[in-house]
Amino acid sequence: MEMTFIPPIKWAVGIEFDDNNEFIFVGDCNGKKLFIIPYKSPDYVDESIVIPSNWGQYFTKDEHGNIYLSMHGPETFPEFLVVDHNLKGNEINLKKRPYQAEGIHKKAIAYGQHGSNEKGIYCIIGNKIYIYPVNKIK
């Protein structure tokens with residue numbers, strides 16, 4: 001079955017589903033918004049929850065169903081937007097993070113654990129992988 005619908009976005013970059021497949025999360029980079037769209041049918045796009053974001057880029061999800069949207073912006077901007085299972089968004093501003101200079105965007109993010117390291121968000125920025133421990137993101 002093919003289904004096509006267009007939420008009112010300017011530049012969609014990332015997409016993710018919640019654990020129950022009830023919602024689609026769409027990051028609108030240029031529109032600076034996160035759309036949480038009920039996944040009932042295309043007609044429900046008008047019932048979207050819209051959360052402001054700062055140039056949202058890519059998604060990952062942890063084992064608790066929290067969804068992380070990476071964000072790009074000047075040094076003073078938050079690093080991630082995390083949406084919990086109640087569909088509430090919280091911005092996360094980490095210290096000692098790599099500054100994303102103009103033209104150096106996150107290329108991808110993933111949640112996981114490498115070897116015996118702590119669980120965290122893994123980000124590719126430029127040509128390096130940075131790890132943000134989850135216990136610092138709460």
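This briefing covers the nonpolar cores, a surface patch, the salt bridges and the cysteines of the structure above. The model is predicted, so local features need pLDDT of at least 70 and side-chain atom pairs count only at pLDDT 80 or more, while totals for chains, interfaces and linings use all residues. Residues are numbered from 1 along each chain as its sequence is written, and side-chain values use heavy atoms, with hydrogens and water left out.

**Nonpolar cores**

- The largest nonpolar core has 12 residues, among them Phe23, Phe25, Ile51, Phe59, Met71 and Leu87; such a core is a set of buried Ala, Val, Leu, Ile, Met, Phe, Trp, Tyr and Cys residues joined through side-chain atoms within 4.5 Å.
- Here buried means under 20% relative accessible area, exposed means over 50%, and partly exposed lies in between, with a 1.4 Å probe and protein chains only.
- At least two residues of this core come from each of strand 2 (23–28), strand 3 (33–38), strand 6 (67–71) and strand 7 (80–83), where strands are DSSP runs (E, at least two residues) numbered from the N terminus.
- Strand 6 gives the most to this core, with 3 residues.
- Another core, of 11 residues, lies apart from it and includes Tyr111, Ile121, Cys123 and Ile125.

**Surface patch**

- Ile124, Ile129 and Ile131 form a nonpolar patch on the surface, which together has about 260 Å² of accessible area, as given by the Shrake-Rupley method with a 1.4 Å probe, only the protein chains shown counting as cover for residues.
- Patches are made of residues with over 30% relative accessible area and no salt bridge, with nonpolar side chains (Val, Leu, Ile, Met, Phe, Trp, Tyr) joined within 5 Å and like charges within 9 Å.
- Isoleucine 124 belongs to strand 10 (residues 120–125) and is partly exposed, with a relative accessible area of 32%.

**Salt bridges**

- The count comes to 3 salt bridges, each being a side-chain nitrogen of Lys or Arg within 4 Å of a carboxyl oxygen of Asp or Glu.
- Glutamate 16 forms a salt bridge with lysine 61, with the closest N and O atoms 3.9 Å apart; because glutamate 16 lies in strand 1 (residues 12–17) and lysine 61 in strand 5 (residues 56–61), the pair ties together parts that are 45 residues apart in sequence.
- Glutamate 16 is buried at 18% relative accessible area, whereas lysine 61 is partly exposed at 24%.
- Aspartate 19 also forms a salt bridge with lysine 61, with the closest N and O atoms 3.3 Å apart; aspartate 19 lies in the loop between strand 1 and strand 2, so this pair ties together parts that are 42 residues apart in sequence.
- Glu16, Asp19 and Lys61 are thus linked in a network of salt bridges, in which aspartate 19 is partly exposed at 48% relative accessibility.
- Lysine 119 and glutamate 63 meet through their side chains in a salt bridge (3.3 Å, N to O), and this pair links the loop between strand 9 (106–112) and strand 10 with the loop between strand 5 and strand 6, 56 residues apart.
- Lysine 119 is partly exposed at 37% relative accessible area, and glutamate 63 is partly exposed at 45%.

**Cysteines**

- The count of disulfides comes to 0, a disulfide being a pair of cysteine sulfur atoms within 2.5 Å.
- Cysteine 29 is buried at 9% relative accessibility, and cysteine 123 is buried at 0%.

Methods:
Helix = DSSP H or I, 4+ residues; strand = E, 2+ residues; numbered from the N terminus.
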